[in-house]
Amino acid sequence: MIAINHLKSPQYRVLVFPSEESSYLAYNQSLKWPVGERLKEVEVKLRKGIRVRGRVVSRESKAGVSDVEVLARGPQFEYEANVPRQYAASPVLTDAEGFFEIYCPPGDHTFQPQGRIRGFLNSRDVGVVSRIVSVKEQGPTDEPEISLADAPRFRLIVTTPDGKPVTGA
């Protein structure tokens, strides 16, 4: 996906998000558009990222958790005009066994679940469940494993005021 956002005249932001199957990094560049210029050619050079494979598991059972969105947050940077930035195109989904694969630039990255996950406590309710992994040109120093705390289970019984079960409720 490619997007060009108008910021404040004469600035625009160019964003390129490669497909999830791609090993290329996402691209972000803020551009100044010269007054009076009608056509501006911008060359976007995508870099390949470094493969990081991790897993999301249930803290109690250690079983993999499928369909979890995992976000990779890398080193923070300031947006500067005409300076391209490349970063992990995330979030990505875990597979049936809870594994995920994402491509990152070198640096320290925090891997964390995003959104609500059915059957598990919200990550904000139970403290930090993210993992920080250092990614080097040779590869990551570790495989991130994110453990999720199981949510309590409820069995609701709907009754009338006199305590009789309500059929179909």
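This is a predicted model: local features need pLDDT of at least 70, side-chain atom pairs count only at pLDDT 80 or more; totals for chains, interfaces and linings use all residues.
Residues are numbered from 1 along each chain as its sequence is written, and side-chain values use heavy atoms, with hydrogens and water left out.

I located Leu7 in the loop between β1 (2-6) and β2 (11-16) (strands are DSSP runs of E, at least two residues, numbered from the N terminus). Beyond its neighbours within four places in sequence, Leu7 is in contact with Tyr12, Arg13 and Ser30 (heavy atoms within 4.5 Å). I also recorded Leu31, which is 24 residues from Leu7 in sequence and 9.5 Å away in space, C-alpha to C-alpha.

**Rings**

I searched for aromatic pairs and found one in the structure. Phe100 and Phe111 form this pair, which is tilted, with 6.1 Å centre to centre and 35 degrees between the planes (rings of Phe, Tyr and Trp, the last by its six-membered ring, pair if their centres lie within 6.5 Å; planes under 30 degrees apart are stacked, over 60 edge-to-face, the rest tilted). Phe100 lies in strand β8 (residues 99-104) and Phe111 in strand β9 (residues 107-114), 11 residues apart. I noted Phe100 as buried at 2% relative accessibility, and Phe111 as buried at 0%.

I then found the charged end of Arg53 over the ring of Phe99, 4.2 Å from its centre (NZ of Lys or CZ of Arg within 6 Å of the ring centre and within 35 degrees of the ring normal).

**Ser58**

I placed Ser58 in strand β4 (residues 50-58). Ser58 counts as buried because its relative accessibility is 4%. Not counting residues up to four places away in sequence, Ser58 touches Ala63, Val65, Phe120, Leu148 and Asp150.

**Cavity**

My search of the whole structure gave one cavity of 30 Å³ or more (on a 1 Å grid over the protein atoms alone, a set of points where a 1.4 Å probe fits but cannot get out; lining residues have an atom within 4 Å of a point). The largest cavity holds about 80 Å³ of space (the space filled by probe spheres set on the points, which are joined across faces, edges and corners). Among its lining residues I listed Ser19, Tyr24, Glu101 and Tyr103. Strand β8 gives the largest share of this lining, three residues.

Key. Helices (H or I, at least four residues) and strands (E, at least two) are DSSP runs, numbered from the N terminus. Buried means under 20% relative accessible area, exposed over 50%, partly exposed in between (1.4 Å probe, protein chains only). On a 1 Å grid over the protein atoms alone, a cavity is a set of points where a 1.4 Å probe fits but cannot get out, and a pocket is an open set with protein on both sides within 12 Å along at least five of seven lines; lining residues have an atom within 4 Å of a point.
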